[in-house]
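Let's take a walk through this structure together.

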Amino acid sequence: MLQDARTIRYYQTLTDAFVELWNRGYRTDDMRIYLDGYLAALRTSNTIEAYLIHRLEEEATRFLFDGSNFAVTQPEPEPDYY
């Protein structure tokens with residue numbers, strides 16, 4: 001569980017990006033590459049501690065591989081009044 005405010009903001013940014021990428025047609029493999037690049041940038045910039053980056057990676061990976069986060073909702077059919 002993430003508790004650091006900055007790490008939580010990074011997590012929210014990542015999960016929002018995952019959903020946006022999914023809606024654009026990207027799939028899990030592509031989003032995993034995106035996650036790897038994002039985490040590499042965080043490690044290089046030293047904005048947060050290494051153990052927080054590791055926790056962020058665990059939580060983001062868990063989000064990424066949970067199918068319910070990317071469920072496609074079907075619109076309900078409207079009743080035919082004719």
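We begin with the overall shape, then turn to the aromatic rings, and end at a loop.

A word on the model itself: it is predicted, so local features need pLDDT of at least 70 and side-chain atom pairs count only at pLDDT 80 or more, while totals for chains, interfaces and linings use all residues. Residues are numbered from 1 along each chain as its sequence is written, and side-chain values use heavy atoms, with hydrogens and water left out.

The protein has three helices and zero strands, where helices are DSSP runs of H or I with at least four residues, strands are runs of E with at least two, and both are numbered from the N terminus. Along the sequence this reads as α-α-α. With a radius of gyration of 16 Å, well over the 12 Å that the globule rule gives for 82 residues, the protein is more spread out than a compact globule. That radius is taken over C-alpha atoms, and the globule rule is 2.2 Å times the number of residues to the power 0.38. The C-alpha atoms fill a box of roughly 65 × 25 × 15 Å along the principal axes.

How much of the protein is buried? Buried residues account for 28% of the 82 residues; here buried means under 20% relative accessible area, exposed means over 50%, and partly exposed lies in between, using a 1.4 Å probe and protein chains only.

Now look for the rings. The structure holds seven aromatic pairs, counted when ring centres of Phe, Tyr or Trp (its six-membered ring) lie within 6.5 Å; planes under 30 degrees apart are stacked, over 60 edge-to-face, and the rest tilted. Phe18 and Phe63 make a stacked pair, 6.3 Å centre to centre with 20° between the planes. Because Phe18 belongs to helix α1 (residues 5–23) and Phe63 to helix α3, this pair ties together parts that are 45 residues apart in sequence. Phe18 is buried at 0% relative accessible area, and Phe63 is buried at 15%.

Ring pairs also build a cluster whose members include Phe18, Trp22, Tyr34 and Phe63. Over the ring of Trp22 sits the charged end of Arg27, 3.9 Å from the ring centre (the cut-offs are NZ of Lys or CZ of Arg within 6 Å of the centre and within 35 degrees of the ring normal).

Finally, find Asn46 in the loop between α2 (28–45) and α3 (50–64). Asn46 is exposed, because its relative accessibility is 62%. Its phi is near 55°, a positive value in a residue other than glycine.
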